Amino acid sequence: QITSLVRRAALTQNDNHFNYEKAHNFKVHTFRGPHWCEYCANFMWGLIAQGVRCSDCGLNVHKQCSKYVPNDCQPDLKRIKRVYCCDLTTLVKAHNTQRPMVVDSCIREIEARGLKSEGLYRVSGFTEHIEDVKMAFDRDGDKADISANIYPDINIIAGALKLYFRDLPIPVITYDTYSKFIEAAKICNPDERLEAIHEVLMLLPAAHYETLRYLMIHLKKVTLHEKENFMNAENLGIVFGPTLMRPPEDSTLATLNDMRYQKLIVQILIENEDVLF
C-alpha cells in the first residue's frame, strides 16, 4: 500500500507536465545537407544514412550516440498522426495528459448517461458507428464530439473505448508483465495473490499504470449499478480480460488457456481497486 501511495504522489505532484519516461523511436535517416549530432554535437559524416532520427520527437543523433540518449523523448504532436493504434505513453506525452484523452472522454460520457444501461460493455454498438467515433478521435483529438446528440446509443461509446484498448500496439497490461500477472492469478491464497498482483502492478510503465487505475475506478462504479445494468466484476472481467491483456506470442492455445486467469485478474483489480492502486 505504501508503494502505491508513493507512486500516486509521484504521478500527481506536477499536474501540468507528466514526466512519464519514454524511449526514443530511432530510425536510420538520410540527411540532406550538413548535419550535426544533437547528443555529442559532432558532425555526421557520409552521404546517406548518416545517423538516426526519432520519428516521435525528431531528435537527430549518430547511430552510436543513440545508445546513450536518455529515455526523455517528448513526442511532437505534428508527428503523431492518430490517436488509435498509437503507443499509449507516446500519446499521453504528445498531448501532455495523465491518461489518453480517449479514455477520459469516453468514461466521462458513460458515467454521465450510461451507468444504468443494461449489459453495459457486454452489448455491442453498431460497428460502423464505433468506427465513426474512432475516426472522430483520430481527426479531432479531445475536441471529438461523442455527446448524446450525435451518438444516443451509449453502447457505441463503450465499444469505442474497448476498441481503443484492443488497438494498442502494447496492451495496457504490457507484454513484459503478462506472464507475471497470470502466475499471480494462479496463487490459491487470496491475500498472497493480492500481494503478488500488487507487486506486478508496480512494474507497469507509469502511463499504463495510471490508465489502468482510472479504468478500474470507473468499472467499480459500473458494478455499483449492477441491479440495473446486470454487470458485476466477474462479467466485466470476461469482457475486459482479453481487451487489457494479450499474451506476447500470438498463440491461440495460450490465449484459450489463459482466458480464465485474464478474467480473474480484471475481476480482482475491480473488486480491490481501493487497496491495489
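## Sheet, helix contacts and a buried leucine

Three strands form an open sheet in the order S1-S2-S3, and their pairing is antiparallel. The edges of this sheet are strand S1 (26–29) and strand S3 (60–61), each of which pairs on one side only. The model described here is predicted. Strand S2, residues 51–54, is joined to S3 by two bridges in the antiparallel sense. Arginine 53 stands opposite asparagine 60 of S3. In general, the strands of a sheet pair through backbone hydrogen bonds, in either a parallel or an antiparallel manner.

An unreviewed UniProt entry lists residues 23–73 as "domain: Phorbol-ester/DAG-type". In the model, the end C-alpha atoms of residues 23–73 are 6 Å apart. This span is 20% strand and 0% helix.

| Helix pair | Axes come within | Crossing angle |
|---|---|---|
| H4 (residues 127–140) and H5 (residues 154–167) | 9 Å | roughly 65° |
| H5 and H10 (residues 233–244) | 8 Å | roughly 35° |

H4 passes H5 in a right-handed crossing. On the H4 side, the contact is made by His129, Ile130, Glu131, Val133 and Lys134, and H5 contributes Ile156, Ile157, Gly159, Ala160, Leu163 and Asp167. Of the residues in this contact of H4 with H5, six are nonpolar, two are polar and three are charged.

As for H5 and H10, their axes come within 8 Å. Here Lys162, Phe165 and Arg166 of H5 meet Val239, Phe240, Thr243 and Leu244 of H10. The residues of the contact between H5 and H10 comprise four nonpolar, one polar and two charged.

The last topic is leucine 91, which lies in helix H2 (residues 88–95). Is leucine 91 buried or exposed? Its relative accessibility is 1%, and because a residue under 20% counts as buried, leucine 91 is classed as buried. Apart from neighbours within four places in sequence, leucine 91 is in contact with Arg82, Val83, Cys86, Pro100 and Tyr164. The C-alpha atom of leucine 91 is separated by 19 Å from that of threonine 243, a residue 152 positions away along the chain. Threonine 243 is also one of the H10 residues in the contact with H5.

Notes
Residues numbered from 1 in each chain as written. Predicted model: local features only at pLDDT ≥ 70, side-chain atom pairs only at ≥ 80, totals over all residues. Heavy atoms only, no water. Axes fitted to C-alpha atoms, helices over the stretch in contact; angles between N-to-C directions. Helix = DSSP H or I, 4+ residues; strand = E, 2+ residues; numbered from the N terminus. Left-handed = near helix turned anticlockwise from the far one by under 90°. Contact = heavy atoms within 4.5 Å. Nonpolar A, V, L, I, M, F, W, Y, C, P; charged D, E, K, R; others polar. Buried < 20%, exposed > 50% of the residue type's maximum accessible area, 1.4 Å probe, protein only. UniProt positions renumbered as here; feature names shortened; annotations may be inferred. Pairing = 2+ DSSP bridges.
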